[in-house]
Amino acid sequence: MRMSREKSIIYAARLMSMLFTPFYLPLFGLIILFTLSYLALLPISYRLQIVVLVYLFTILLPTCLIHVYRRYQGWNLIELGHRERRMVPYVVSILCYFCCAGLLTWLGVFHFVVSILMAALLVQIVCAIINVWWKISTHTAAIGGVAGALFAFAEIFGFNPVWWLCLVLVVAGMLGSARIILRQHSLAQVVAGFFVGFLCAAIGILFL
């Protein structure tokens, strides 16, 4: 009975980690922007085009490239999570985000949309630099980035983000617990990741 319960907890932790992969930060940011700001008035077809474009460059492309790299090296997901093996995935992700931000700028998309990509790019770069010395959690950095984006857009557009922030904090707590259960991070790495993501996203959206 105890073994079955432990397996269920580990399975739930793995599912949580997969559902809230770090690559989803820009997509969550777009959903917030297209739902809670005046950009919700844009035609649905235009918003879907942007969402699909962001999905291709920030989720599908980096996921496929990192999967190919992992298979080439013969590593499983746990082995790829070792600090010294994370630099190539970081570089792949940063390049994909940079290309997406450049393409959106070239297409003349609204500045607030590009700012989400720039904020996510800043989160990735800061986490990559920290990873040289210390294994920070990119999962909680991403969910922290969502919280930071909510805070920044609430300041810009003047809406009350309290209930959305409460939801994000609950998810962040569950996600951080999942990463600790899977022995991928310590409590300090999880907490540090959240605050790095929050600060980078808020600064990136408000000032970039």
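Modeller: To begin with a term, helices (H or I, at least four residues) and strands (E, at least two) are DSSP runs that are numbered from the N terminus. Residues are numbered from 1 along each chain as its sequence is written. This is a predicted model, in which local features need pLDDT of at least 70, side-chain atom pairs count only at pLDDT 80 or more, and totals for chains, interfaces and linings use all residues.

Biologist: What follows H3?
Modeller: Glycine 74 comes after H3, and its phi is positive, near 75 degrees.

Biologist: And how many residues does helix H3 have?
Modeller: Helix H3 (residues 44-73) has 30 residues and spans 42 Å from its first C-alpha to its last, close to the 44 Å expected at 1.5 Å a residue, where the expected span is 1.5 Å times one less than the number of residues.

Biologist: Where is the kink in H3 centred?
Modeller: The kink, of about 40 degrees, is centred on leucine 56; the bend at a residue is the angle between axes fitted to the seven residues ending there and the seven starting there.

Biologist: Changing topic, where is confidence lowest?
Modeller: Helix H4 (residues 77-80) is lowest, at a mean of 70, while helix H9 (residues 187-207) is highest, at 93; these are pLDDT values, the predictor's confidence in each residue, from 0 to 100. The protein averages a pLDDT of 87, and 97% of the residues score at least 70.

Biologist: Is phenylalanine 151 buried or partly exposed, and where is it found?
Modeller: Phenylalanine 151 is found in helix H7, and it counts as partly exposed because its relative accessibility is 34%, given that buried means under 20% relative accessible area, exposed over 50%, and partly exposed in between (1.4 Å probe, protein chains only).

Conventions. Side-chain values use heavy atoms; hydrogens and water are left out.
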